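Hi,

Here is the structure I promised to send over. Have a look at it first, and my notes on the charged pairs follow below.

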Amino acid sequence: MSVYLHDIPLSQAQARLREALQDAGLWRVLGVESILIDENSLGRVTAEPIWAEISSPHYHASAMDGFAVRAVSTNGAMPSTPVTLFVSSQAQYVDTGDPLPEWANAVIPIENTEPLDENGQISSAVRSPSSIRIRAAVTPWSHVRPLGEDIVATQLVLPAGHTLRPADLGAIAASGHQTIRVSRKPKVAILPTGTELVPIGSKLKAGDILEYNSLVIAAQIKQMGGEPTRYPITKDDFASICATVLEAAQTHDLVLLNAGSSAGAEDFSSKVVEKLGMLLVHGVAVRPGHPVILGMINRQSSTPIPGASAGVENRKSENLTPIIGVPGYPVSAALTVDIFVESLLAKWLGRRPNELPTEMATLTRKLVSPAGDDDYVRVAVGKVGDKLLAAPLSRGAGVITSLVQADGLALIPSGVQGMEAGEQVKVHLYRSRAEIERTIFCIGSHDLTLDLMAQFLAEHDRRLASANVGSQGGLVALRRGEAHMAGSHLLDPKDGSYNISYIRQYMPNIPVKVVAVVGRDQGLIIKKGNPKGIKNLGDLAGKSQEGSVQFVNRQRGAGTRVLLDYHLNLMAIPQESIAGYSQEEYTHLGVATAIASGRADCGLGIAAAAQALDLDFIPLFQERYDLVIPKQFADGDLLAPLFDLLADARFREAVSKLKGYDVSVMGTIILED
């Protein structure tokens, strides 16, 4: 039996909330207010049509500095037969924006006139001559902004439900308005709950979790046009949570109760909603975001609203406040707000829901998805050749950086159990197509220099998007045309060389350019103080001085894994003798994190990763990390700043500060077909 009240499809969950709001009279614009037109009006939504009260311009205005004339008086003027007009009687000087004299119907720009004095000689008084000589005729209304050219009184300036942009503010002001009627901003209370939560800036101890979901959610609400209120953290106490929810419901249009929505012993959200009102939904078939709660709070009583849909005629909108239980994991929380709150705020504001642009893209690797859920997958997006590609990022619901790195969301709909590499998937883009066109797509081995490279490339109008799949995975991606370049450090056990034999194996008949980036130390990352007394790879098998050693490995196909297996083979150490050999991480920092958190005692990785998490490091080997780039991309404009960067003194200096890095090889061409 499911631990959730009901695990229903997303469309049904949205429909239940909508029906409850309609029953309560809350599926509408919440209110209207008048505001002054100024820069603070930006982003507000018009509550009613805006009609022009005046024309703009409201008179015939000169569009140039020059002389107002009757067009007919210029007839016959040519370079060989100029016409002279007397100032005052036949011409009058006007600046741009000045009203035309009633008798005039055209303006001659000052640069097209020759100022004359009373003797018919060229005069220096260009704006107040006795007469002017012209050598070209003008047509009626030349260089004139006629009355109503921009706006005519009574015309529609903006419709209701329009989100105001900078230019809209100018049009409203030009049409004669000082104030406008806009939809009231919905007030949204954000209530973080959890005994384990601590405020941003706290000194952390084991078990503490920084509370930043409310910060992210508040920013989302503000971007959507709402008015967020972040409440202090409420500890896991049923009565306290009830009191805070009821307090927030009195003064807000929507309550977002963050965390406590799953089935743990201290997950009180559903019980709070049942006590204070009506629980509509507990559990939605979406990932991430499964344990979403939807309900209605009765502000006048702490007792439940009777019936799920019966008795609604007795419920008044002034007594009800909708509540959404938002999951605690950061990605789940952010996506829940996007899925449920955006459309609700759009209705309350009277605007259309915001829609991300969509593109069809090719998946770079296989995805497995639960058949019964709508699965939202964060992806990096890049254009390689003529193909738009989507590389899936980490799918953990707690990995907030996956949203930072994501260029879009791919939706695998309910009923589909996954997609194969190479299949087309619809991606909702976070970035513009222009940004994606400037993106260098790197798939392969992880290295910290890539993070520095991304920062430096940003100064040259390039984005670096990377997906860490290991060196072999990167070469396969290049063969499939799924990346511009791949990081690689694959050791050939036959001759001790790096990468070239693997390139020939995985990328036959594809011309490449291989560029060295760094030489780097590989070794054992261990806990501070080396409590297990580890000295070398031999200590991984069986027992060390202080007992068994728990190892953490890199994934299959990673250059570090190849390096490890090569040396284990030389030392005749069986893989199965190493505890944790099958425990895998996808990056050097992932290995270091596993050790720092106590999940493992040691792992093979680079010195810079150990330094980053204040761990100890036992250097064992030196290796070379290269970039493998197909020639078709190496010779193109997109990657030109990358090669400049490898010769940049500032970049070299920044990399050299990383522990265990040798930049003397940086930029060296290892192979060029």
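**Salt bridges**

I get 30 salt bridges, counting a side-chain nitrogen of Lys or Arg within 4 Å of a carboxyl oxygen of Asp or Glu. Bear in mind that this is a predicted model, where local features need pLDDT of at least 70, side-chain atom pairs count only at pLDDT 80 or more, and totals for chains, interfaces and linings use all residues. Residues are numbered from 1 along each chain as its sequence is written, and side-chain values use heavy atoms, with hydrogens and water left out.

Start with Arg135 and Glu114, whose side chains form a salt bridge at 2.6 Å, N to O. Arg135 sits in the loop between β9 (131-134) and β10 (144-145) and Glu114 in strand β8 (residues 113-116), so this pair ties together parts 21 residues apart in sequence. (Helices, H or I of at least four residues, and strands, E of at least two, are DSSP runs numbered from the N terminus.)

Next, Glu623 and Arg520 pair up at 2.6 Å, N to O. They link distant parts of the chain, with Glu623 in strand β38 (residues 616-630) and Arg520 in strand β32 (residues 512-526), 103 residues apart. Both Glu623 and Arg520 are buried, meaning under 20% relative accessible area, with exposed being over 50% and partly exposed in between (1.4 Å probe, protein chains only).

There's also a network: Glu359, Lys383, Arg433 and Glu437 are joined by salt bridges that share partners.

Finally, Arg431 and Asp407 meet at 2.5 Å, N to O. Here Asp407 is buried at 0% relative accessible area, while Arg431 is partly exposed at 21%.

Cheers
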